[in-house]
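Grab a pencil and work through these exercises one at a time. Try each task yourself before you read its solution.

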Amino acid sequence: WRCEGRDLPAQQACGGGVWFQLPEAEGVVALPLERRTDAIADRVLPVTIRHPVWTDAISEQHWRLGNGRLTLEVDERGLFRLQDAHGVDQLSAPLQIKRYQDHGEFWDAWDLATDYLQHPLPLPQRWQVEMLEHGPLLARMVLRVCFDDSKARMDLILRADTPWLELQLTIDWRQTHELLRLVCPLADSAVRWAADTSGGVLERPAIAKTPGEQARWELPVISWVASEALAPGGGLGLLLDGPQGADAGPNHLGVSLLRGPTWPDPSADHGRHRHRLALMPLPQGWQRDGVP
């Protein structure tokens with residue numbers, strides 16, 4: 001394929017089809033694409049990839065990846081290192097999937113229990129790690145784990161010239177009265193956290209002090225939540241694919257993924273689910289780095 005007289009950088013996708021990198025464009029524009037023919041193949045200029053992806057296999061279960069804007073490391077513990085373009089660490093510990101007992105607070109199908117953090121449930125500490133595809137445009141690591149009757153798969157997708165790491169979580173959920181959460185341990189302590197709301201953004205203190213703040217142990221957000229560190233003012237953004245319940249503290253960002261209520265629907269949340277999230281370092285803060 002060509003755009004404006006140039007070949008598009010391409011990479012075969014493992015599931016069929018081809019990945020392309022489109023030219024940079026400001027705002028919403030229409031890019032004319034045309035299929036290249038053999039007659040013009042010799043007259044097309046060489047392609048240049050913006051911030052190509054590189055991969056380094058440190059061992060069979062330990063990989064290092066980057067694209068000039070992000071660097072990450074993955075092993076049996078999962079994603080245990082994420083750095084921005086300046087090499088600043090974003091995580092203090094591996095990215096965590098956690099599960100808790102949860103029988104609801106007021107309404108089984110709606111309210112999380114206030115004390116769910118006091119009732120953690122075990123999860124395997126090791127993932128099965130596989131490099132599914134890699135190339136200059138995209139690299140995909142696959143992590144798999146089983147617990148009780150449920151299974152989880154996490155795809156870590158790093159794209160060229162992209163300032164975030166995409167997470168695709170596919171879960172076959174069979175648990176009841178349990179809560180499944182994704183937790184990001186923060187390398188830099190947060191003093192505030194921000195999240196979008198209908199028509200704007202709300203900023204909240206990282207430590208709940210007033211009775212009203214302490215009563216909101218989880219809040220609904222629409223598409224993103226971000227930590228705000230004291231110095232130099234940056235943080236970490238967690239991007240979502242739709243409204244979900246989230247919480248934050250000085251040392252973490254968290255989002256609830258699945259529950260297992262039994263009333264009024266005894267099979268609520270059971271079955272296959274797919275969540276699409278992303279982690280985005282914010283060296284200048286959520287506003288200057290354009291999280292919205």
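**Exercise 1.** Does D161 count as buried or exposed, and why?

*Solution.* Start with the ground rules. This is a predicted model, where local features need pLDDT of at least 70 and side-chain atom pairs count only at pLDDT 80 or more, while totals for chains, interfaces and linings use all residues. Residues are numbered from 1 along each chain as its sequence is written, and side-chain values use heavy atoms, with hydrogens and water left out.

Next, the cut-offs: buried means under 20% relative accessible area, exposed over 50%, and partly exposed in between (1.4 Å probe, protein chains only). D161 has 16% relative accessibility, so it counts as buried.

Now find its place: D161 sits in the loop between strand 14 (150–159) and strand 15 (165–173). Strands here are DSSP runs of E with at least two residues, helices are runs of H or I with at least four, and both are numbered from the N terminus. Finally, check the backbone: phi of D161 is near 55 degrees, a positive value in a residue other than glycine. Most residues other than glycine have a negative phi.

**Exercise 2.** Work out where H177 is placed and what its phi is near.

*Solution.* Look in the loop between strand 15 and strand 16 (178–185), and you'll find H177. Its phi is near 50 degrees, again positive in a residue other than glycine. With a relative accessible area of 18%, H177 is buried.

**Exercise 3.** Find the peptide bond from W263 to P264 and say whether it is cis or trans.

*Solution.* First go to the loop between strand 23 (252–259) and strand 24 (271–282), which holds P264. Then read omega for the bond from W263: it is near 10 degrees, and the bond is cis. Most peptide bonds are trans.

**Exercise 4.** Which residues does R140 touch, leaving out those up to four places away in sequence?

*Solution.* Begin at strand 13 (residues 138–147), where R140 is found. Contact means heavy atoms within 4.5 Å. R140 touches W19, E130, M131, L132, E133, D155, L156, I157 and Q168. Its relative accessibility is 11%, so R140 counts as buried.

**Exercise 5.** Now zoom out: how many helices and strands does the protein chain have?

*Solution.* Count them up: the protein chain has 1 helix and 24 strands. Its radius of gyration is 21 Å, close to the 19 Å that the globule rule gives for 292 residues, so the chain is as compact as a globular protein of that length. (The radius is taken over C-alpha atoms, and the rule is 2.2 Å times the number of residues to the power 0.38.) Of the 292 residues, 46% count as buried.
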